[in-house]
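Hi,

Here is the structure I said I would pass on.

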Amino acid sequence: MEARGEGERIRKTGECPEAVAAARQKKIYFKSRPCELRQPVNKMRSLPTNIRNALRGSKDGYAAVAKLRGTIDIELYPALIAWLPNAARSEIGLLTWRFPRSYRSIRPLSRHMSAIPLERELLWTAHFLLAHAELLNRFVQNREALDRYLLLGDYASCLTILDREDEDGGFSLWSLELRIAILSAEKGLEHQKQFMSRIRNECEGRFASFFAYWISQRNEQTTNALRYQSTFVDSTRAWQLTDDFSAYLNYRVADYVKLSPSSISAILRAEATSPVLDYFDTFARLAIEVFSSEEAASLRNIFAESILLLSDAIHDPRLLKLRFMIHPATTDLANVRLADADKLNRFLAGVTRDTDTDLSGEVFDLRIVPELLVETGAAPPESTESVCAFLATGLYRLYARTGAGDDILLEVLRWLYNLRLTQFAFFVDHLGSEQISSVPFDSAGSRRAFLSSSFLDPSCILSLSDEAQNEMVASLDHRDSNAAALARTFLRENGGIQISVEHALVFDALARFVRGHFARVIELTATIPLSFTAHNRRRLKRLHANSLLKNNDLSICTAYIVQCCLEDPGCVRMMPIEECTAALNKAALKKQANLIVTPILFDLHARYVDDRVRDLRGYTYEDFLLTHGLDRPSQLRSVLAEFDPQLLIYYLRYVCVPEVMQISTAFQSSREVEDERLAVCSLLSEIDKTEASEYENEIREITRKQIIHGGVRQVEQSKISIDVEPLRRWAERNIKDAYNRYQTLLDAGIISESEIPSPRREEPPVTRKTDALPQVSDDAGELLFKMVSTFLNECFTNSYHGLDCYLSMRIRHGALSGQLRGPLEDEKIITQRKVGSDEYTSNEFWVKQLQAKDRRVAQKVDDRLKRFSKDYDSLINAFAKDKVQIYGAERREGFFHRGIASDQLLLLEHEIHRDTSFDGFAELCFRLFWDVVDVDLEKVRNYIDDALKPQLNRLFSSLIADIESETLDFEISELDNALRSAQTKAQQALDEVKDWFRSAKPNPRAHFSFEELIGIGAQQVKRMHRNFDPDIRASVAALPAFVQLNRFSDIFYIIFENIQRHSGIRDRPVVDIEASISDDMLHITVESDVASTARSAESEERIRILKQTMAEDEVQRAARSEGGTGMIKLRNIIEPDRDGNSYLNFGFTEGDRFKVSLRMSVRPFRLTESESV
Amino acid sequence: MKILIVEDDEAKRVQLIAFLKGLNISADLRLARSLQSGLRLLKEERPDLIVLDMTLPNYDAGPDESGGEHHPLGGRQFMSQMDRFDMGVPVVVVTQFETFGKGPELMNLADLDKRLKREFPSIYLGSVYYHAAIHGWKQDLERLVLSSIAPERGEQNG
């Protein structure tokens, strides 16, 4: 640059010759307008006495300085900054305390100076940093060296540099962040965590500890680099910080910045209390952002003066390049080293040497080596121990990918994020992003790479202004003709170098696209030779698609994008999918509604971009069908030949899924949508035979889900049930003799003489012991009444097989409570009763949310929610304990009456004939039993509608009103929404309960596999406790199908409910189930995880007592106690015998798990030979 | 006047029915409890007015049906479908929620009202905040219902 004619440059730029001369002489640079020279820094004005006196006399020196920054002449900034160390007040001294001697001392102040206009803030920053130019120049050199060692993988030297920098310039966030990254790269997460632990101990409660925590988390392998920023920004929003401090934290930790004057100013003000190295680095990084991003172009002038000031004294390539952006003609880039143009030339010409794929540790290698490895088919570096090798491998994998490449990109991005403070991060990020971006040329990314790197890369030239392009080419002409030729080639000028046809086409199309020659780009890229590498083909396809879009050829563009993505999934991130869907307005969508590619495009958007188009994906799915006269995708079977098979398969496989199809009114329920998906899978397995097994698996999975759902429904519909066979056997033992006598009386012609017994005999038979002899009677009517009432009484009250047993097990014992509490638990508005107390636990969820606003209000709301929880449970309990009962002396409110109406008995009498067998009589009694129960069931349903539901609504209304009055001055919309949602869902849950009170219907499906029975039992508990999702690991020997769904679902329901209640692991306990059959005995073992808190002396004692109770054969009494465990119910189902053939055992294992073992006869439950499936 | 009520909350539905029947407009009511059943009735019945809840399940919930996906902005989806099929029936939203969505997408009823006015200017009449214990919703709903019949009548009442 120096060698070029001064006069020529002045003519070209219109700069004032005197100004340029003065600048050269005094080594100062210009404001944005060259002729307006600032006063040279070395002619610093002294601080006027009145200001000094004001500072000395101020009680709050910090505030005084903050105020002066906004009022004094900017030319006095250097003097004020120079004077600060002289201030006696320690708080002013803090302003200059930029060299912490430990991480703990970083950012000791939480106080920030008041805001001043950004122009002043920048100049204050620049003058402050200028005062430490010498130190910062050493920092720049160390930074350069650190990058080199990092790329080479010499981590020990990196840490030595950081130690040196801590010693020289003071501890900094810059050093802390890089130290974490280096430790992680060198020794892995464990060492990083050890370091973190040290920082936590040393810096407890200090900024460094907070900062290191979040940086360390970002470095972890499981962190998604693309989501980290939004996660952190959401967190700061929730922390309710000031806007200024949020802006600082978001930038400092997660690189998130709104490029507005206020945000930038806030960041710099916050950084004003940070170590000087951080202050400087943040300034440089912000400046790069402003000069890269088009949206911030208006801020560039404001930054210009401070950049010019600093770039003169601090020899950071970033500052020099920024100055070049401001004044290309007067900025000399001679001191910035050049990239290896020869190597790049050879690469572009396709005449590389064997050694060109070697990695020298130079970052520019990453521009060439990964792509060259793919093009030559060579293997990537074997070792990825150095950062350079790791990044080269990552980029290589990106170029060579066959899928979307998200996982590879995320891995590379995570590394780059961790190394974001290096000079190469943005350069490599640009290389990687180019391979996954839908934009053919990212000028902002290219500028960012250019500005942040320490070398000069000719390939960045396209992103510079015309003036900067010319100056760079001219500058390169004087330094390296190869580099200059290369720069001209990128500009599609005649560079004089030979490049391959493939690269020539890519450059040509790109240069024309940048200039807006879209029609020409479409022509150039219409046919892309298959001989080109995959990544260059993708680049050309991206140019083609974007040009179609720019030309507004929307339907052609849609088809092109879809075709490219289906042919090469590696294309998917490089296609302008989002841009195309955005361009498709209502009219355009109508126009191309008949095209199968339209819903596919929206599906690609929903899968790979975001879910904003979910509704549109559904609409386009349906519009496509409707325009072809169809309303269900399975109907496409009749018109298969009309569509491209590849597109049709994609549409059916990925678009016609329940999530999408549910948008159509063609389906009236979730089940119908599932059935349609089954039909679609069936069609797919015919037309896409290579993937037939996938579709068959899906069919199996849907079918299994439907079976379990059906099983659960069957169980729900048979909550009102009895065990017919055991009761029949009981009747044979206890009534058959009486029945035979009744038949004899009938044969003898002794028919009923007495009146038919009075309607409804409500009371149970007298069971109290007495000395009075029973009355005897030969009256057939009386005998019939006794037989029938005894039979029905048994059907109602038998503890093992009667209705009361089922009411207890399937409704009163947990199920009703779970069903009605479930929706409230979902909305977190109900808590549980404390063990052994009437009190309810605090609602921690809402208390936590409200406490931030007002502790007193939080307490009142909590009290009210506790009271509501108690009232709600009381309502349920009262219904269960008092109403869902067999009517009797102790259950006067019970709905189920055992009485028989006289007309019912009369009818029964007429149906019994001389040839009626005892089995026939039993059937008649069962039928009578259900007739009696049906009357009561209707009453229960009416009670639910007329009494229970209004009571429930009153509880909610009162709760909502009380909460509203307690929180009048507060925003509690979330709680309000939760209450109202819970009310709606509770009503729906009650409707489902109402449906329980119907007679058991015949099972539509008689047999279930053992795994299905496990699933049905688990699903029943999941329906009540939505978060309960056990990890079930079943090891089941070959077992026959089982016929008694209800019995088995009861077994697993009880076991899973016990796990949910008592394991201490609410959400996802591991449950291992083993089952086998030998000698007609089924052996089931269920072993489940328990939390460490679940096993205690108290719980062990409870189990001991329970076992003892069961051993003492007090089961019948215990079963009626509605106690807190299902084990007694389980025992009743299994019916253990004295021989030990059937048994139930349970308890904690040595491995601190809970184990339930049971053995039972399988005969009653298995299919017979003829029934087997 | 044929009015379609799309509402999944039973207590609120009962209140709405009682109120609309009490208006002097000869209300012929059709009821739906979900987004899909509402859309189906809309296509079949071609009502003169729709009283629409904002938060809706996809299907009518019942013993055999959980209701499918729960749509926090189901009312908006309903109107979006109307727009898609060019169905110009006036809509009044009656909601008992004060806020909608979560996180950065969170908006209050006023914001939602603005958004719906912007997105569906030709069909959306306005929103009513329903509160079982507060009478105001009835006046607001009456005004909007009447404005759908004769705009000037609604204005006068407002």
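How much area is buried between chain B and chain A, and what percentage of it do carbon and sulfur atoms give? About 3100 Å² is buried there, with 37% coming from carbon and sulfur; buried area is the accessible area (1.4 Å probe) that two parts lose on being put together, summed over both.

A quick note on the ground rules: this is a predicted model, where local features need pLDDT of at least 70 and side-chain atom pairs count only at pLDDT 80 or more, while totals for chains, interfaces and linings use all residues. Residues are numbered from 1 along each chain as its sequence is written, chains are lettered from A and ligands numbered from 1 in the order written, and side-chain values use heavy atoms, with hydrogens and water left out.

Back to the interface. Chain B puts 34 residues into the contact and chain A puts in 41 (contact means heavy atoms within 4.5 Å). On the chain B side, Tyr59(B), Pro63(B) and Arg84(B) lose the most area to chain A, together 21% of what that side buries.

There are also 8 salt bridges across the interface, each being a side-chain nitrogen of Lys or Arg within 4 Å of a carboxyl oxygen of Asp or Glu. One of them joins Lys586(A) to Asp86(B), with the closest N and O atoms 2.8 Å apart.

Cheers
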